[in-house]
Amino acid sequence: MKIFMKRGGIVLIGGVAIVSVVFAAVVQGTEAKLQKGSRIGFVDVGGLTVAEAQKKVRLWWETAKVQPLTLTVEDKSLKKTYKASELGIAVDDVASVAQVPVEGLVGQVLGSDEVHKYPVKTKAIEFDLKGLKAAVTDTYGKPTPAKVTYVGGQIVKQPEVPTYTVDEDALPAETLRAVMDDQVVAVPIKQETKKIPDDALDQITEVVSEFSTNFSADNRPRANNIKLASSKLNGVILLPGEKVGFNETVGKRTIEGGYKEAGVYINGRHDTGVGGGICQVSTTLYNASLFANLKIVERTNHSLPVPYVPLGRDATVNYGAQNLVIQNSMDTPIVVCSEYQPGRLTFRILGKKVPGQEVKITQGKISYRDGGTRREYDPTLPAGTTKVIHSGDDKFVQSFRTVFVNGVKVSSEKLGDSFYGGGGTIILYGPKAKTPPPSNPTPPAVVGTTGH
């Protein structure tokens with residue numbers, strides 16, 4: 001038998017056993033090494049200790065992370081280059097090395113020369129994408145909502161331009177790929193879901209209902225308020241089940257917002273206030289919604305009758321108090337469209353008609369009652385004289401909506417009770433007049449300031 005001596009052990013050739021080199025390694029306290037032939041990305045870590053491998057990966061990253069990367073959006077290269085560290089990633093040397101198996105010295109000595117490849121692991125770091133997001137916006141354009149208008153008897157539709165932004169979840173992987181490959185980052189883009197899908201717009205095909213009221217164009221403050229308020233409602237799109245609130249959409253009526261002082265009703269009396277006239281806007285919209293058979297969620301009548309619609313068909317609004325809320329109770333989307341002309345306001349509900357549907361609005365018998373008499377002292381009147389400044393009776397009416405399809409009644413509903421405090425009779429009396437007789441009791445009027 002031949003015996004060959006090797007450093008660290010004895011190998012018996014022709015015998016039945018091998019005296020392992022492990023004995024010498026253990027005696028010498030040698031640390032275990034990573035699997036032979038292992039590679040993390042471009043870094044060869046086979047035969048290194050865990051600590052040595054982690055350090056080698058970190059050193060590679062220090063060079064790789066500062067290399068300029070070209071970014072492209074829709075195949076267009078951005079003017080600015082970025083570094084990997086500016087795109088939110090850093091190497092995770094611990095996780096990268098942890099993938100590689102550890103071998104004893106037997107494996108290191110007797111293992112094959114096969115290459116074992118492992119991916120580079122990264123971790124997220126804080127980064128600022130404002131510039132990159134701005135570049136994406138420049139490429140795709142700013143988001144714009146869907147728009148539907150009624151012009152010259154035609155429905156004009158403009159689809160929504162959705163928000164396009166950087167897909168921050170996919171960016172790290174694409175950045176690492178570019179670092180390991182061609183240094184070009186194809187920026188991953190995420191498109192936000194459209195609020196109004198294109199197929200929803202396709203269902204808006206005709207005028208479902210329309211209603212108009214007239215006003216004096218010579219009353220310029222009031223006409224201004226009507227035009228301004230109605231413009232804010234023009235083009236409102238409601239998907240099935242969605243609601244529109246008049247006050248929330250039109251906003252607070254202020255001088256700064258462009259509104260003028262005009263006639264209003266205050267506690268059952270004529271007065272002036274900022275935004276006078278916008279109740280004609282809410283009333284016109286209310287009637288168009290009635291004839292479209294939309295659900296009326298909230299509506300309040302005026303404290304006094306208005307001249308532009310029958311009793312029971314008005315809808316007063318007062319910011320922070322009375323509101324008009326309409327819900328799209330149809331199965332398809334609708335659009336609220338307003339059209340202002342000097343002396344005439346029209347609201348249309350656009351959408352898709354129910355075939356053969358007809359809506360009728362009726363009112364019950366109008367009930368009247370004495371509004372009472374109220375006397376008020378006026379020191380400017382001549383002594384012992386009186387002056388009647390207002391007279392009127394209270395009115396009560398019920399309104400109903402009946403829906404027919406192909407001439408057959410399919411539903412009927414009570415729209416609500418409308419009470420109008422006529423304000424009673426108001427008599428002013430001057431100084432030193434005889435003690436006035438007791439006034440008749442006057443029912444409480446609807447309180448609040450409401451444009452009319």
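Biologist: In which sense do strand E6 (residues 70–73) and strand E15 pair, and over how many bridges?

Modeller: This is a predicted model, and in it E6 and E15 pair in the parallel sense, over three bridges. The general idea comes before the details: strands of a sheet pair through backbone hydrogen bonds, and the pairing can be either parallel or antiparallel. In this case Leu71 stands opposite Val185 in E15. The two strands belong to an open sheet of three strands, whose order is E7-E6-E15 and whose pairing is mixed. Strand E7 (76–77) and strand E15 (184–186) are its edge strands, each pairing on one side only.

Biologist: Where does Asp75 lie, and is it buried or exposed?

Modeller: Asp75 lies in the loop between E6 and E7. Because exposed means over 50% relative accessible area, Asp75 counts as exposed, with a relative accessibility of 78%. The backbone angle phi of Asp75 is near 65 degrees, which is a positive value in a residue other than glycine.

Biologist: How many residues lie between E12 and E13 in their hairpin?

Modeller: There are two residues between E12 and E13, and Gly152 in the turn has a positive phi of about 55 degrees. Strand E12 (residues 147–151) and strand E13 (residues 154–158) pair in the antiparallel sense over five bridges, and the bridge partner of Thr149 is Val156 in E13.

Biologist: What is the strand order of the open sheet of four strands?

Modeller: Reading across that sheet, the order is E17-E25-E24-E18, and the pairing is antiparallel. The edge strands here are E17 and strand E18 (236–238), each of which pairs on one side only. If direction is ignored, neighbouring strands of this sheet are turned by 20 degrees against each other on average.

Biologist: Where is Asn293 found, and how is its accessibility classed?

Modeller: Asn293 is found in the loop between H10 and strand E22 (295–298), and at 21% relative accessibility Asn293 counts as partly exposed. Although it is not a glycine, Asn293 has a positive phi of about 60 degrees.

Biologist: In which loop is Thr332 found, and why does Thr332 count as buried?

Modeller: The loop is the one between strand E23 (325–327) and E24. Thr332 counts as buried because its relative accessibility is 12%, and the cut-off is under 20%. Leaving aside neighbours within four places in sequence, Thr332 is in contact with Gln203, Pro240 and Lys352.

Biologist: Which residues of helix H6 are buried, and what covers them?

Modeller: In helix H6 (residues 171–180) the buried residues are Leu171, Glu174, Thr175, Leu176, Ala178 and Val179. The elements covering them include helix H2 (50–64), helix H5 (130–140), strand E8 (89–91), strand E11 (122–124), strand E14 (164–166) and E15.

Biologist: How many residues line the largest pocket, and which of them lie nearest its centre?

Modeller: The lining consists of 17 residues, and Val208, Met330, Lys353, Val354 and Gln357 lie nearest the centre. Strand E17 (206–214) and strand E26 (357–363) are the elements that give two or more residues to this lining, and E26 gives the most, with three residues. By kind, the lining residues divide into seven nonpolar, six polar and four charged. About 330 Å³ of space lies in this pocket.

Biologist: How many helices and strands does the chain have?

Modeller: The chain has ten helices and 33 strands, and 40% of its 452 residues count as buried. Among the contacts in the chain with a separation of 6 or more, 73% are between residues 24 or more positions apart.

Technical notes:
Residues are numbered from 1 along each chain as its sequence is written. This is a predicted model: local features need pLDDT of at least 70, side-chain atom pairs count only at pLDDT 80 or more; totals for chains, interfaces and linings use all residues. Side-chain values use heavy atoms; hydrogens and water are left out. On a 1 Å grid over the protein atoms alone, a cavity is a set of points where a 1.4 Å probe fits but cannot get out, and a pocket is an open set with protein on both sides within 12 Å along at least five of seven lines; lining residues have an atom within 4 Å of a point. Grid points are joined across faces, edges and corners, and a volume is the space filled by probe spheres set on the points. Ala, Val, Leu, Ile, Met, Phe, Trp, Tyr, Cys and Pro count as nonpolar, Asp, Glu, Lys and Arg as charged, and the others, Gly among them, as polar. Two strands pair if DSSP finds at least two bridges between them. Axes are lines fitted to C-alpha atoms, for helices over the stretch in contact, and angles run from 0 to 180 degrees between N-to-C directions. Buried means under 20% relative accessible area, exposed over 50%, partly exposed in between (1.4 Å probe, protein chains only). Contact means heavy atoms within 4.5 Å.
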